[in-house]
Amino acid sequence: MRVMVGNPLLGRIQNREAKVGVVGLGYVGLPLGMAFAEAGFPVTGLDVDQRKIDKIAKGESYIKHIPSAPLAELTNAGKLKATNDFAKSRELDCVIICVPTPLTASREPDMSFIVATGEALAPYVRPGQLFILESTTYPGTTEEVLKPLLEKNGLKAGVDFFLAFSPEREDPGNKGFNTKTIPKVVGGYSPACLEVATALYGSALKEVVPVSSTRVAELAKLLENIYRCVNIAMVNEMKMLCDRMNVDVWEVIQAASTKPFGFQPFYPGPGLGGHCIPIDPFYLTWKAREFEFHTKFIELAGEVNWQMPYYVVQRTMEALNQNKKVLNGAKVLCIGAAYKKDIDDFRESPSLRVMTLLKEKGADISYHDPYVKELHKGHGFNMEMKSVPLDPETLSQYDAVMILTDHSHIDYNELVQRSNIVVDTRNATKAVTQGREKIVKA
């Protein structure tokens, strides 16, 4: 049995000489690659999207909250480059995988991106390299899915190369935290793997939190997001009850939030968005079946949140009915395609599901989002659409205006005054004083 003698990679990391690769240059991979480049490492991004590669070569950011100036500085200095040639991975010392992990149509884990990445890297794995998976996934993925792929050429994890898992933690649009300042949980396949992975992240990020295994790190990520999912489901259910009782759920939450201990506010909405929170419960419930365990509580929370777009559409139908209108043939303007305000990320956005349901019921829909200029078919969305201008003069032409994302640039006072009906799913109209009779909370 081969045993990895010494650890020259640690020295290369400490001297900032290790060549770092990031696979998947999206909302997680691009800022992570920039963080390592800014820390002094030579960084190569690997992606199958030629558009991203071309943008990076020009020093142009394609993500709203990442400015182009620091990206251009890194690319112009030769510290960060991108390619679609996975053969280049052989030259890299550390390879961090940041690819999507969506759900299938039957809400089961879709490992296709991880598998495709592992297969693309497998021919070029060499002794002494470090591979880290960051994609959110079920516990066991690193060892059960990625490890066998990387070992295809005969090299062994923990013996010939290092293997670890470190869950991504990104919150687009949150100015209080960034890739460098968010604590980084790391789990290694072996103690030596953990040592190298911890050293790598510690050389570029503020705080590293080592844990005993890849499975602990994988499950920690799920727990973080399922915690939010469950609490959002509870408050979404509370919203539906409050609507029946004619009580303002937002005022209830505000009042409860004055308790200085034992309470953390969560807020309702038209559903869950983003890559993690809507998906993570189903990753864990799927894996739990392997152990003959039924995660009833978690599954219920996931179902409540998945049903919210249907509830929003039902409330819109009721609002139109009050105005002697029907949804079939109604002109509806949806405000916001992104999953939360002031960002351009529309992954798993509930807005897309709401628009799809409206279209299925015969509504003539348009949308406005200054950060999401176009929507294309894919991931359950079957329409090609472009954002329309938010023209105050034309608001009255719509039978209903739906606030699905509460972007900050919008004058909600004017929007309410000029609209026939406003369906507010985000409490964006809380400060509106005139025309409140037009507002329907959903």
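## A nonpolar patch on helix 8

With 4 residues, helix 8 (residues 214–245) gives the most to the nonpolar patch. Helices here are DSSP runs of H or I with at least four residues, strands are runs of E with at least two, and both are numbered from the N terminus. The patch covers about 500 Å² of surface and is made by Met-234, Met-238, Leu-241, Met-245, Val-247 and Val-252. Patch residues have over 30% relative accessible area and no salt bridge; nonpolar side chains (Val, Leu, Ile, Met, Phe, Trp, Tyr) are joined within 5 Å, and like charges within 9 Å.

Leu-241 sits in helix 8 and, at 44% relative accessibility, counts as partly exposed. Buried means under 20% relative accessible area, exposed means over 50%, and partly exposed is in between (1.4 Å probe, protein chains only).

## What you are looking at

This is a predicted model, in which local features need pLDDT of at least 70 and side-chain atom pairs count only at pLDDT 80 or more, while totals for chains, interfaces and linings use all residues. Residues are numbered from 1 along each chain as its sequence is written, and side-chain values use heavy atoms, with hydrogens and water left out.

The protein chain has 13 helices and 15 strands, and its C-alpha trace spans about 75 × 50 × 40 Å along the principal axes.

Of the 442 residues, 53% count as buried. The chain exposes about 20200 Å², with carbon and sulfur atoms supplying 54% of it; these areas come from the Shrake-Rupley method with a 1.4 Å probe, and for residues only the protein chains shown count as cover. Among contacts (heavy atoms within 4.5 Å) between residues at least 6 apart in sequence, 68% join residues at least 24 apart.

## Helix 2, an enclosed helix

Helix 2 (residues 29–38) is largely enclosed by the rest of the structure, because 9 of its 10 residues are buried. The buried residues include Leu-32, Met-34 and Phe-36. Gly-40, which follows the helix, has a positive phi near 105°.

Take Leu-30, found in helix 2 and buried, with a relative accessible area of 2%. Not counting residues up to four places away in sequence, Leu-30 touches Gly-24, Leu-25, Ile-56, Tyr-62, Ile-63, Ile-66 and Leu-71. Its C-alpha atom is separated by 9.1 Å from that of Ser-61, 31 residues apart along the chain.

Leu-130 lies in strand 5 (residues 130–133) and is buried, at 0% relative accessibility. Leaving aside neighbours within four places in sequence, its contacts include Leu-9, Cys-94, Phe-162 and Val-196.

The whole structure holds 8 aromatic pairs. Rings of Phe, Tyr and Trp (its six-membered ring) pair if their centres lie within 6.5 Å; planes under 30 degrees apart count as stacked, over 60 as edge-to-face and the rest as tilted. Phe-131 and Phe-161 form an edge-to-face pair, 5.7 Å centre to centre with 85° between the planes. Phe-131 lies in strand 5 and Phe-161 in the loop between helix 6 (141–150) and strand 6 (162–165), so the pair ties together parts 30 residues apart in sequence. Phe-131 is buried at 2% relative accessibility, and Phe-161 is buried at 0%. Trp-250 and Tyr-267 form a stacked pair, 6.0 Å centre to centre with 10° between the planes.

## Salt bridges

A search of the whole structure finds 20 salt bridges, each a side-chain nitrogen of Lys or Arg within 4 Å of a carboxyl oxygen of Asp or Glu. In one of them Lys-184 meets Glu-134, the closest N and O atoms being 3.0 Å apart. This pair links distant parts of the chain: Lys-184 in strand 7 (residues 184–188) and Glu-134 in the loop between strand 5 and helix 6, 50 residues apart. Lys-184 is buried at 6% relative accessibility, and Glu-134 is buried at 2%.

Lys-287 and Glu-290 also form a salt bridge (2.8 Å, N to O). Through shared partners, salt bridges join Glu-143, Glu-144, Arg-215, Lys-287 and Glu-290 into one network.
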